Amino acid sequence: MSVVSFSSVSKQYKGDGPLAVDALDLTIEDGEFMVLVGPSGCGKSTALRMIAGLEEITGGELRIGERVVNDVPPGDRDIAMVFQNYALYPHMTVRANIGFALEVAKVPKAEIKSRTEDAAEMLGLTEYLDRLPKALSGGQRQRVAMGRAIVRSPQVFLMDEPLSNLDAKLRVQMRSEIIHIQKRLGTTMVYVTHDQIEAMTMGHRVAVMRKGLLQQVAAPQDLYHRPANLFVAAFIGSPAMNLVTAAVGGSAERPTVTFAEHTLAIDHGAIERYPKLPDRIGSTVILGLRPEHFVMEGDADLPDDQKLTLNVDLAEAMGAEVHIHAHLDVPPVELDGAPVAAEEGEEELSTSTTNIIARVEGIHTVREDEDVRLAVKTHLAHFFDPATGDPLR
């Protein structure tokens, strides 16, 4: 069994320094593709490096299979790691790079040849086996690094931002290839990225981290539609969820939210998902609307009390859709004194306005500095407690 289990695992640097990972409880199942995601400095790479044995564990217990590995040397953990920078030997051919770990382990030459060629065929590298790394493209070098891991047949694959050095087109291609390889091998894989699009498209489950703490672990669609808190709501999604502080009014049967002189009626579907919303009448909440929750007025049969008018700051025509950028004259939602969507060290992003992005059908022509009338699918809206960031479920 190649289950990886964190039980209250912590990592603290410099004795009494801050916790890079704080009491992490996470079980990665046998054969699962788990993605660790979060902003820079959230602890995701530290967690991965603790699995690899490259970081000392300062608290808790880490298991790979049935074995506690807190004090097991990296070479004895039966894991393989693929790094961001490939780490290939420049003087060795592709064949030698892929088979190097087997040679060190004194595997018979015939077996090395067989396993190397099988991995090369799986990765589309057969015709490049006798080339040096300098003769390969970035994507091909990354495949070689993966081949070197595959031939070892480890219990667990670890990948630390392996696609970050590739251009956008190659990243998309390599995402697909990694998913296919993991499915074919059926081996447990732990993948670290700061790119939430990678996380959402690759992982069976995704673990979101912030400041060393696990925020939520769930299937990608569950993260998107049922975020555990305000941070997850803001972090997951591209473009990001629109968040604004709103006053709740109306009645328990049909509440309203008012923000920046706009008032929207909330459909019953949202109350079913957020049953505590009616209890907030007379107070404020954080309203969350995904960009796709907006539609042009004529594209949806919604009542007038679910429509608003925005002045367009920027219109991005993207073929199948148009991204409408606008702003509200209210301060942005903050978490721990900084805009909720900001990464660490970006507190200066705080302004007196809140940016809004609406994603509408590409058939519409939208121009800057014009007013657009948008209908809002308020039955899909999200609601959070301004004090705690918890959803009003």
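**Close-ups from a predicted model**

View 1. Look for the side chain of T378 reaching over to the backbone nitrogen of D267, at 3.1 Å. D267 is also one of the residues T378 touches, along with L264, A265, I266, A270 and Q306, once residues up to four places away in sequence are set aside.

**View 2. Y274 and F383, ring against ring.** Four aromatic pairs turn up in the structure. In the one shown here, the ring centres of Y274 and F383 are 5.8 Å apart and the planes meet at 80°, so this pair counts as edge-to-face. Y274 comes from the loop between helix 9 (268–273) and strand 14 (284–289), while F383 belongs to strand 23 (residues 382–384), so the pair ties together parts 109 residues apart in sequence. Both Y274 and F383 are buried.

**View 3. R290 over the ring of Y224.** Here the charged end of R290 sits over the Y224 ring, 3.9 Å from the ring centre.

View 4. Helix 1 (residues 44–52) is mostly covered, with seven of its nine residues buried. Which residues of helix 1 are buried? They are K44, T46, A47, L48, M50, I51 and A52.

How values were computed: Residues numbered from 1 in each chain as written. Predicted model: local features only at pLDDT ≥ 70, side-chain atom pairs only at ≥ 80, totals over all residues. Heavy atoms only, no water. Phe/Tyr/Trp six-rings, centres within 6.5 Å; stacked < 30°, edge-to-face > 60°. Helix = DSSP H or I, 4+ residues; strand = E, 2+ residues; numbered from the N terminus. Buried < 20%, exposed > 50% of the residue type's maximum accessible area, 1.4 Å probe, protein only. Lys NZ or Arg CZ within 6 Å of the ring centre and 35° of its normal. Polar contact = N/O pair within 3.5 Å; in protein donor to acceptor, adjacent residues only side chain to side chain. Contact = heavy atoms within 4.5 Å.
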